[in-house]
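Me: I have a structure to go through with you. Can we take it piece by piece?

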Amino acid sequence: MNSDNKLLKLERSSGVYEPGERMSGYFLAEGSQGQSIRAAELSVLWYTSGQGEEDFEIHHFERLVDDPGRPLDLRTPRRFAVVLPPSPLSYEGRIVKVCWCVRLRLFPRQGPEMVEEAAFRLGDVPAAPMTVEE
């Protein structure tokens, strides 16, 4: 699915949030694609990257499923709001990074699952200083 067919937006353009703050946004699938989705999952999560083992944790998860009594039509925006936890704070170190994102997974009736992410920062921890090698 290309970016014209799905959309995940955070309401704060800066993408920086403080612990305990409420983060909100919306998602949708445009055009006829929005009618052919059998399920959608929205997660707010953090993960580490860099050296060593990678960690991953989901802070918030919701699943929407198409059923006869409540058809799932993602052509209209679906709003979400989540209160963010106190930790871990976003961090860009030389050895490890702690990254936060909102992840939207769409499961169409036909074809492969589609994933879109919107990265954000939790807290305002400065990046690790770069060292000059001699």
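Me: How many bridges join β1 to β3?
Reply: Five, and the two strands run antiparallel. Strands here are DSSP runs of E, at least two residues, numbered from the N terminus. Two strands pair if DSSP finds at least two bridges between them.

Me: Before we go on, what kind of model is this?
Reply: It is a predicted model: local features need pLDDT of at least 70, side-chain atom pairs count only at pLDDT 80 or more, and totals for chains, interfaces and linings use all residues. Residues are numbered from 1 along each chain as its sequence is written, and side-chain values use heavy atoms, with hydrogens and water left out.

Me: Back to β3. Which residue in β3 does Leu10 stand opposite?
Reply: Gly25.

Me: What order do the strands of the open sheet take?
Reply: β1-β3-β6, with antiparallel pairing. The edge strands are β1 and β6, since each pairs on one side only.

Me: New topic. Which residues touch the most other members of the largest nonpolar core?
Reply: Met23, Val102 and Phe120, out of 25 residues. Such a core is a set of buried Ala, Val, Leu, Ile, Met, Phe, Trp, Tyr and Cys residues joined through side-chain atoms within 4.5 Å.

Me: And where does Ser90 lie?
Reply: In the loop between β6 and β7 (91–92).

Me: Is Ser90 buried or exposed?
Reply: Buried, with a relative accessible area of 1%. Buried means under 20% and exposed over 50%, partly exposed in between (1.4 Å probe, protein chains only).

Me: What does its side chain reach?
Reply: The side chain of Ser90 reaches the backbone nitrogen of Leu122 at 2.8 Å.

Note on methods: Helix = DSSP H or I, 4+ residues; strand = E, 2+ residues; numbered from the N terminus. Polar contact = N/O pair within 3.5 Å; in protein donor to acceptor, adjacent residues only side chain to side chain.
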